[in-house]
Amino acid sequence: EMHFVCDPSVVIQYYARLFRNPLPSLSAYDDARLEQGVWFVVGSQLAQWLWDDDIPLNLRLECIAAMPAMFREFFADRPLETACWMWWDMLRTFDDHPDASIVGAMVRALAEVLLVPARHCQMSALHGLGHLRHKSKEEIIRAFIDNCRGHDNEIVEYAQKAITGTVL
């Protein structure tokens, strides 16, 4: 585990910029290095910062809004081993009353990721939606199911589990 002292308000802006345009910064690294970096960024820092009321809300929302581009521009072609799949799982909170603004932003971002024409990105989005409680979650997932007639049974079954919140 690594830890460094920094100003989260500054670093979260760098992450948003990276997520919006990932290829110039990330394409030089091999998958193992990228996997390690994503787990560090998302799993240790961002997972805490997105739910931290001491960080301005607009910065946290901007960072979440930038995440679908990371999936469209990067993960669609480079799913890595587990980082793409676990991205949203790492960002979830176990708080009984999570910040509704952050949950709403995540749901909107996940709805965008569901539109990425890469199965592993869609499965990641379903996984993330499955861990959230939000009034529009079921509607988003049902629209995905209705529009994915050509998908295999596994993704449809997983989508149904995401609706009920029984994803693993």
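Author: The protein has 9 helices and 0 strands. The model is a predicted one.

Reader: In what order do the elements of the protein run from the N terminus on?

Author: They run α-α-α-α-α-α-α-α-α.

Reader: What makes the protein as compact as a globular protein of that length?

Author: The radius of gyration is 15 Å, and the globule rule gives 15 Å for 168 residues. The two values are close, so the protein is as compact as a globular protein of that length. Along the principal axes, the C-alpha atoms fill a box of roughly 45 × 40 × 25 Å.

Reader: What share of the 168 residues is buried?

Author: Buried residues make up 46% of the 168. The protein exposes about 9200 Å², and carbon and sulfur atoms supply 52% of that area.

Reader: How many of the contacts between residues at least 6 apart in sequence join residues at least 24 apart?

Author: The share is 72%.

Reader: Next, the aromatic rings. How many aromatic pairs does the structure hold?

Author: It holds 9 aromatic pairs. One of them is formed by Phe 19 and Trp 87, with 5.1 Å from centre to centre and 70° between the planes.

Reader: Which parts does the pair of Phe 19 and Trp 87 tie together?

Author: Phe 19 lies in helix α1 (residues 8–20) and Trp 87 lies in helix α5 (residues 83–91). The pair therefore ties together parts that are 68 residues apart in sequence.

Reader: How do you know whether Phe 19 is buried or exposed?

Author: Buried means under 20% relative accessible area. Phe 19 has 2%, so Phe 19 is buried. Trp 87 has 0%, so Trp 87 is buried as well.

Reader: What kind of aromatic pair do Trp 85 and Tyr 158 form?

Author: They form a tilted pair, with 5.6 Å from centre to centre and 50° between the planes. Under 30 degrees would count as stacked and over 60 as edge-to-face, so 50° leaves tilted. Trp 85 lies in helix α5 and Tyr 158 in helix α9 (residues 153–164), so this pair ties together parts that are 73 residues apart in sequence.

Reader: Which residues form the aromatic cluster?

Author: One cluster is formed by Tyr 15, Phe 19, Trp 49, Phe 71, Phe 74, Phe 75, Trp 87 and Trp 88.

Reader: Now helix α6. How does its reach compare with what is expected at 1.5 Å a residue?

Author: Helix α6 (residues 100–113) has 14 residues and reaches 20 Å from its first C-alpha to its last, close to the expected 20 Å. At its start, a side-chain oxygen of Asp 99 comes to within 2.8 Å of the backbone nitrogen of Ser 101.

Reader: What do the buried residues of α6 pack against?

Author: They pack against α4 (57–75), α5, α7 (119–130) and α8 (137–147). Among these buried residues are Ile 102, Met 106 and Leu 110.

Reader: How do you know that Leu 110 is buried?

Author: Its relative accessible area is 1%, and buried means under 20%, so Leu 110 is buried. Leaving aside neighbours within four places in sequence, Leu 110 is in contact with Trp 88, Ala 125, Gly 128, Leu 129 and Leu 132.

Reader: Why is α7 called mostly covered?

Author: Of its 12 residues, 10 are buried. What covers them includes α4, α5, α6, α8 and α9.

Reader: What is the phi of Leu 80, and where is Leu 80 placed?

Author: Phi of Leu 80 is near 60°, a positive value in a residue other than glycine. Leu 80 is in the loop between α4 and α5. Its relative accessible area is 13%, under the 20% cut-off, so Leu 80 is buried although it sits in a loop.

Note on methods. Residues numbered from 1 in each chain as written. Predicted model: local features only at pLDDT ≥ 70, side-chain atom pairs only at ≥ 80, totals over all residues. Heavy atoms only, no water. Phe/Tyr/Trp six-rings, centres within 6.5 Å; stacked < 30°, edge-to-face > 60°. Helix = DSSP H or I, 4+ residues; strand = E, 2+ residues; numbered from the N terminus. Buried < 20%, exposed > 50% of the residue type's maximum accessible area, 1.4 Å probe, protein only. Expected span 1.5 Å × (residues − 1). Contact = heavy atoms within 4.5 Å. Polar contact = N/O pair within 3.5 Å; in protein donor to acceptor, adjacent residues only side chain to side chain. Rg over C-alpha atoms; globule rule 2.2 N^0.38 Å. Areas by Shrake-Rupley, 256 points an atom, 1.4 Å probe, with all protein chains shown as cover.
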